[in-house]
Amino acid sequence: IAKGIVEACAKYCPTAVLGMIVNPVNSVVPAMAELYKKKGLDPMKIVGITTLDVVRANKFVGEIMGKNPSFINIPVIGGHAGSSIMPVFSQDKIAKTIAEDKIAEL
């Protein structure tokens, strides 16, 4: 699916920035950027969106804090898994009140 979308965008809107919500984002996005590059287009126009990671972070914080995750918005930066993923708890009014000893388990 991602390849078909990228190929269509390369043909019909080659200057557009493509925000891709894909899984796994950390391997599909670089592959699609390489495809763009092979077509002579700017591979930096292909970006990954980690919406799934944001939703997960919001859910986990909501559970720990006893709050509705709909009112939590944790930005997530870095990669998609393991030590490369970084939820930025300090940027949300609810998450920034989490006790330090609870952060590691999140």
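This is a predicted model: local features need pLDDT of at least 70, side-chain atom pairs count only at pLDDT 80 or more; totals for chains, interfaces and linings use all residues.
Local features need pLDDT of at least 70 and side-chain atom pairs count only at pLDDT 80 or more, while totals for chains, interfaces and linings use all residues. Residues are numbered from 1 along each chain as its sequence is written, and side-chain values use heavy atoms, with hydrogens and water left out.

Q: In which element is confidence lowest?
A: pLDDT is the predictor's confidence in each residue, from 0 to 100. The protein has a mean of 90, and 99% of its residues reach 70 or more. Helix 1 is highest at 96, and the lowest mean, 80, belongs to strand 3 (residues 76-78).

Q: At what angle do helix 1 and helix 2 pack?
A: Helices (H or I, at least four residues) and strands (E, at least two) are DSSP runs, numbered from the N terminus. Axes are lines fitted to C-alpha atoms, for helices over the stretch in contact (heavy atoms within 4.5 Å), and angles run from 0 to 180 degrees between N-to-C directions. For helix 1 (residues 2-12) and helix 2, the axes lie 10 Å apart and the angle is about 35°.

Q: Which residues of helix 2 make the contact with helix 1?
A: Helix 1 brings Ala2, Lys3, Val6, Glu7, Cys9 and Ala10 to the contact. The residues from helix 2 are Val28, Met32, Leu35 and Tyr36.

Q: Which element gives the most to the lining of the largest pocket?
A: Helix 3 (51-65) and strand 4 (85-87) each supply at least two lining residues. With four residues, the largest contributor is helix 3.
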